Each structure stands twice: as C-alpha cells, then as structure tokens.
Amino acid sequence: MSPPPLRLHQRRALDALEEVWAARRARAWVVLPPGAGKTRVGTETIARRLASGAITHAVVLSPNTAIQGQWAAAAAAQGLEVGDSRDLATTVTTLTYQSVAVFDPDSEADPGVDAGADPGADPAADADDQPGAAAEPSLLDRLHRNGRALVDRMDSIPRLLIVLDECHHLLEVWGRLLAEVLERVPDALVLGLTATPPEALSGDQAELVAELFGEAAFTAGVPAVVREGDLAPYAELAWLTTPTVHEEEWLAGEAVRFAELTTDLTSPDFGSVPFLQWLDARFVTPVPRVRTWAEVTRAEPAAAAAALRMHHAGLLALPAGARPAEAHRRPPTVEDWVLLLDDWLDRHVTLTDDERDHQVLEAVRRALPAVGHVLTRRGIRRGRSAVDRVLARSESKTTAVVEIASAEAVTLGERTRVLVVCDHERASATVSTRLLDVIDPQAGSATAVLAALAADPTTRALSPMLVTGSTVAGTREVLEALVDHVGRSDLALAAALVITEDGPVARVTGPWTSRRWVGAITELFEAGRCQVLVGTRGLLGEGWDARRVSTLVDLSTATTTTAVVQTRGRALRTDPAWPEKVAVTWSVVCVSEEHPKGGNDWDRLVRKHTGFHGVDEDGDIVDGVAHVDAGFSPYAPPPVADFAEVNRRMRERSTRRDLVRASWRVGEPYRDLVVPTLRVLAREVPPTAAAPAPEYPTGELELLMAAADGGAGPDRVRPEDRVVRLWPRPPEVRLGPDGLDPGPHRPPRLVGVREATTTLLAATAASGWLAQPSVGAIAAVLAAGGAAATLGHRTRVLNRWAGGVLAQVAGPPSLERVSCALADALHAAGLAGVGAEAVVVEVHPGGEHRLRLEDPTGAGAATFTEALDELLAPVGTPRYLIGHHVLAAPAGPDERPVGRARRGASALRRLRRTPPSGQVWHQVPTVLGTNGERARTLADAWGRWVGGTTLLFTGSPEGAGILAASQGADPFAVTTVVRRHWT
C-alpha cells in the first residue's frame, strides 16, 4: 500500500529541508506538533536523499521502543529496507537513544540518570565540581563497548543520514553525549524532529540547539495544523475539586503555624524594626526621592510585585508612580511573604544582637516548613512541600476521573474513548512517612484510578484497563477479550497468558513485553472493547498513537512545554471513522482554601497552559488558562464556593462539541501568528461601550454616514484596512477612520451613534480643540436626503450629530482612536512594521474591548500591547505627558418645542461656540518617552486621530507642576489584561 498524500505542513517542511540541503548545510531541525506527521517527513526525507544519491544509509534514533516500532512500519510503508540491528546492515536502521547511551558499569562515574535524579539534568553537570579535575572527560570514552562500536560503525558509513526523532530528549538527557557522537561523524547529514517550539527552550537548550542545528528550518504550531484539518479541533476543560475531609483537616493544621507567623509580622513590636516598617522604608519612602518606581521594578521585579500585592492587602502604602496591574490586584502569596521576609532577615534581623530579633528567627524557623521552606545559614531556601504532595495526589481527583468518564459516556455513547494519563503506576515508593496517615499510599497512581473505575457500576461497563511498561490490568471481562484478541494472531502466546483476580481488578501475565502488549491493547481500545484506558505518561504520554481517543484526562504533574504538548497530542489525531471528531482534555485540579499554598495545583494548571493555545468560549484562540474559562485568572483560582458552577459550565461545554468545532473555523485562512492582545474592561461605563445603535427613522443612519463621508479624517488608512468586530461573531465589519462600512452588502449595525459621532469628531478637529463642522459634512447631509427629505428630517440628523460630538468630547477619547494614534506613532518611530491599518479592535459582550496590532514581524505587536497598557493606565511618573481638551457634558440635544430648523441651528450653534472646560493628561508610554523626537511622533498621531494635542516634558517646571497635579489620575478608568492570541 502506497503512503497517503503529503499534508500541507509536511510539504512545507520538506520544501524547507530541500533549501537547507541545497545550501550545503549538513544539519537541520523541524518542529511539528504530535499527530502532524513528523515520521512521514523523516521517511520522505530518507527516500528522497537515497533516490538522489546524497546518502547511502540512514539511522533513526528514537526515545523508546514504541516510537522505534512506528518508524520501522513507516519506513516499510515507504518501500524502504528497514531493520533494528546494531550492525546497520539495512538501508534504514531504527534504534533507541539507549542503544547508543549504554555506559560501562566499570567506569569511575556513571553519568546516566538514576531513578531519583532530575530528568532534565545534564548527566555530567557535576563534572566541574570534582576536585583536581583538569578537563571534562569524554562521554564517548566511558560508553560501553557496544555503544562505542555502534558509533564507530556510523562513522564508517559514507554519506550517512542520522534522524533524531523527538530530539528534545537529546536536550534533556543525552545532549552532551549526542553532541560528541555527531562530532565523530562530521560528514553525516543530521535531521532533528521535535514538537517542542524554539521559544520553549531554556537558555542552555537553545545554546545546544544552535550549536547542533542552527535555526529551525520549519516550525508549525498546533492551531495551524488544526485549522488545516490535519489535527482534530479540541477544547481544554478543568474539573475543580477540593481535598477530602481528612486531607483538608491536615492542611488546616499545617496552615496554623504560618498564619501565626504572618500575624506576628504585622505586629508593631515583632523585631527591633518591625516588618511592615521595614517594607515601608524599602519600597515606599525612597520613591521618588531616591529612585523612581520604574527603577525599583527594573532592579527588583519580583520584590516590587510582592510589595504591590502587600499594598492590595492594605499592609503597605502605594509607592509613588506604581500602578497595580492584574498580577498585583490580589492578596500576597506565600512566595511574596517569603521573598520579603528573606529580605528583612538578610538586611536587618540577622545582623543585630537584639533579643527581639533572635525571637524572630526562631519563630520563622518553626513556621517555614509548613509552607515548604526552611531557614538556613544562607537565608530561606525552598524545601520539599508535603502540602503540594497532598494536593497533587488527593483522593478527590480519583473520584473526579470517575465522574468525567461517566459524563463523557452519556455524551458520546459508543464513541467514548477516554485516556487517563498518570505519573506513576504505583505511588507507594514516593509517599513520605509523614503523609502515610493523610493520603493512601496509592493515591494519585494509575492503579488507584483503575480500582475506582472498576468499582463504579457506570464506568465498569466501559471496560477500563491499565497499561504500563510492566503491567496489564483491568476487569476480568476486558482481559478475557484481550486474550481472545491476541489469539487471533498468535494462538501460542494467548494460551500462555494467565489472568489472576484481585477483587474488582484482574491482571494478565505471561511471556510477553510492553512492545507486544501495547499494540494489542491499542487495537482493543480502538475497536471499542475497552472504552477507558489508564496509563503512565512515560508509556502513553509520547509516541503512542490511537486515532479514536475522544477524551484525555490529565492527572500528571509535569508542566514543561514538551510534556504538555506531547500529552495533549495523544487525543488530537483525526479519526477517519468520525470526521467531526472534537477532542476534549480535562485537567483535574485540587484547591484548598485552608492553607496558604492551597493553590499549588492551580499554579500547575497555569504553567501547563502558558504558551499552549486553545479556543475560548468566544471563539478566540489564546494561550493561558483564559481559553479554559474566561473567568480563570493565572494568578489565583476561583473561590471554592464557585467550583460546582464552574464544573457545571465545563460539563455543558463538553457536550457542545459542535460549537467547539465551529469556533476553530477549520479550513479558513490564517496567518499563523501569535499576537499579544490587550483586553480592556471599563470599571464603570466603557468609553466606547458596544451599546445597541438607536433606532433611526428610515434614512437617518445613512445621512449620518454620508455626513461622515464628507469629513476630513485621517486619510492614510483606507476604510477596508480597519477592523472592528462585535461578539458573538457576526459577519466581519470593517471600518475606516470615517466609521464607514465600504460594502453596501453588509448591514451597518456597528456604525451607530457611537462610531459615527466618534468619527465625526475627527472631521471637525482641524485645529485647536474643536473646529467648525466641515462644509462638506453639512452639505453631504443636506444633499443626501434629496428632494424626498424634509427640512425637519435633515436638521434632526444634524442635531443628533452635534449632540453626539459634544457627548464624545465630554469624556476620554475612544479606545479605537487611541490605539490607532499609538500604532501610527510606533510605526513612525520605527518600533513597529505597521501602523493604524493593522489595529484590530474586538468588542465583546459586557463592553470588553480586545485590541491588538497584527504586525507580521511580531516585535511591533508586543511593543504596541505593552505601550497601550501603559497609555491607558493611571498617570505615574512618565517623562512626557500628552493632553487633550474636554468640556462639561452637554445636557443633551436641544429638543425644545420650536421649529425644526431652529432645533438644528441650535445644535450646530452649541457645537461651534462651546468652549473647552479643561484638559486631561495621559502618560506617554516609556518606549515613546525615551526622547523628545519619539514623544513627538505620538503627539503628531494623537492630533490626527484624537484632536488638539499638548505635549509636555515633565522635567520642565511647567511639566513637573502638571505631573504633580495629575499623578494617580485615571482618565480611562479601565482594567487591562494581556493575553496572547493566535491568528
């Protein structure tokens, strides 16, 4: 059977590789998400290189035997001669990384990773710490003779291609070794394949990748492959739980000691210099006399953030120039207390001989272990957290798995295929003796999950099974089905398999290994004879393929980008038998309000979703927990009292897979850009609230639009280049600075008084604060009605228009216009590749605005978001201020019972003669306030988009006076949040 046609991203990856080889580069790497077809890219590269004569042999190294087997099958399907022998006799040889990294047990030091080591550590990281070591020893010299022989054979093969599959593993474990291997085969071509994006690499990993491969030849993220239809659309959901009663009682007891310490820390007689007095001296009093808050933030970002959260709790005054953002508007965390406490101890308490300070040290030493920290001679250090262990393995999570599987079965019926991923098969070896009376030794393990599923009548009917590298277990019925399935292809093996029962769970043993049983169990799972499969991340979290997976339940604790992408990739394969498949991933999170570190599991959820994109309830594709639920914050979990409602919303969303699929808009065009977006929500009334447009008599809205068309707004941006969207998502409405919909086929729903009057203000703002209405605008209104329009009809339109203009200048400028002014300024200053034409404004229910700059270069988008966030903030300590005139809000359009012409004339007269009543000041963003030239780019753009402008340098006497009067002023009164959108 010939292989299927290449997918779009496979073709693009192969084209990129052809450019690499044509440029005579010997090494390249490609980034494709799980399920996107990395193996096919590899086998196609091998086949093409062989056909061209560029190579004679290929060696493929994989992280485990399951992936090794997949390579063998894929190469055979490509018509290639393939084997797995170390003699490299076949054209293509598939091996595991361990085939190379076998170390001699007689060597002085084993650089391998033992069971208790950090799996991300370099095996030889401690080599430099050996006394008297003159040079770092070669890992190749310490390989077992079989490993050295394999390297020598690779070196002897001319024109060899080495494929490193899932090459993030070489960064995590085998990095130095494989670097030395590649040095021994300098003439070989090297292709690295991974799902880990370049931005997720640590500094050391990025340095190694640059050394081994250079820049990535091709990258594609999960959203792009979903949009192409090559991965299944998916939703990320969370099931929120609280610890069991027994666990909660233990957590509450642990919290007492730290609560007593924080109470002491707020006491005015705790220590020779009380803690809060110390914080004031460190973060409030010196600002701005000694240094500005911006300087504090740059020098000590973590401490500055902690101080602002102390302010939010009412324990510290707000430092001059500080602006609490979303991250700061919440109570201080344990880490905040510990960070500031360590500063106090290090800079004062430990340096005195005062008895009061000695008592402080003793109190701190007793309390810190309760929150996973210890006091040492070198300060406070992080220790092992028993609290985190309880939350991660809470028995409530096992109960949640049963509920999720039951709910999915109701929704999907025969299509239900639930995969549960755990960290361990059995957890008893890793539970400390301190917790033996708190949680069951097996809590959180795959074994415990299987037992719960088998004990519940609903989920037992789903034939749950457990598969790990050493165990196959399940209900007796499903294991008998497994043995029968094996017998269809291997009667001898089936006859040798033995099923033994232990309560509701049974096990099957016999003369086979995971390499054989994983395939058989996968086939049984795909066929629906087993509908819930429980396994470990080590076996099923990477490289395992099952197209029928409908639901993934993630109980693992790994939070690296690699682990998250790989684990979620298990559910994202498309299913030929179910073209409308939508995968759902559930993260089970346990939160306690009885302990100050009760949000640790929530923090783990946040880390898992940072950088991982999903579709939110509004149809945006964003990273972070916001795509799980719009009410989720990365800084704190929801109140426990809301958990039942949150879980209800999650269950409901899991049943609406059709809406999830529609939100992904599979097959529609995309840019494959990740753009920071500023979400803005007014604390009172939004400056440009998306209120329904008032109902006009027939023709009046068109007259308003005609009036706008006669105005003199910024003419550099074409109407079709500006985008404003309303949610729920209607047909896209594009607006120019004139506020006009260029297409007569679209209803101008968005172009009501809000947009029309906002725009008409620019048409009258030619100079000063407010100029005469343009003759063209008035003439257009009068002419647009034609003979059929009465004088009263036309003057009523002018009256409404004039009243709208006056209302607009009574408050802050619209977010749309401020954004356009900023974008043009950044573009003029060379800080963004695009200007106002690339500003996108989305208006969501409740008046939330989402603003971003779609800059293909990427850098300008981030600069725009950061600068807009600063521009909308309360005035701090900027170098420049920019102002605009305002006037008192008008009483409303003149509606006195006089002649219609009189009413229109009165409105226009008020518009012409109303004087400004004041000026409102905004801070110029730091990036544009570095010098006068950059600041003037904003002033110029502000004049075009907003109106008359005054720019002030706060270092001047006049500027300093106005800054002193304006500091802390909040003209926009909005709350802002930055999110990363994929577009």
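## Helix packing and nonpolar cores

Helices α10 and α15 are therefore roughly antiparallel to each other, a label for angles over 145 degrees. This is a predicted model, in which local features need pLDDT of at least 70, side-chain atom pairs count only at pLDDT 80 or more, and totals for chains, interfaces and linings use all residues. Residues are numbered from 1 along each chain, and side-chain values use heavy atoms, without hydrogens or water.

Two packed helices are described by the angle and the distance between their axes. The axes of α10 and α15 come within 9 Å and cross at roughly 150°. Axes are lines fitted to C-alpha atoms over the stretch in contact, with angles from 0 to 180 degrees between N-to-C directions. The crossing is left-handed: the near helix is turned anticlockwise from the far one by less than a right angle. Helices are DSSP runs (H or I, at least four residues), numbered from the N terminus.

Contact means heavy atoms within 4.5 Å.

| Helix | Range | Contact residues |
|---|---|---|
| α10 | residues 245-265 | Arg257, Phe258, Leu261 |
| α15 | residues 355-367 | Ala363, Val364, Arg366, Ala367 |

These contact residues divide into five nonpolar, no polar and two charged.

Helix α25 (residues 600-609) is mostly covered, with eight of its 10 residues buried, that is, under 20% relative accessible area with a 1.4 Å probe, protein chains only. Among the buried ones are Trp602, Arg604 and Lys608. Glycine 611 follows α25 and has a positive phi, near 90°.

The largest nonpolar core has 80 residues. A core joins buried Ala, Val, Leu, Ile, Met, Phe, Trp, Tyr and Cys residues through side-chain atoms within 4.5 Å. Met465, Val472, Leu482, Val508, Trp512, Leu533 and Trp544 touch the most other members. Another core, of 40 residues, lies apart from it and includes Leu237 and Val534.

Conventions:
Helix = DSSP H or I, 4+ residues; strand = E, 2+ residues; numbered from the N terminus. Parallel < 35°, antiparallel > 145°, perpendicular 65-115°, else oblique. Nonpolar A, V, L, I, M, F, W, Y, C, P; charged D, E, K, R; others polar. Buried < 20%, exposed > 50% of the residue type's maximum accessible area, 1.4 Å probe, protein only.
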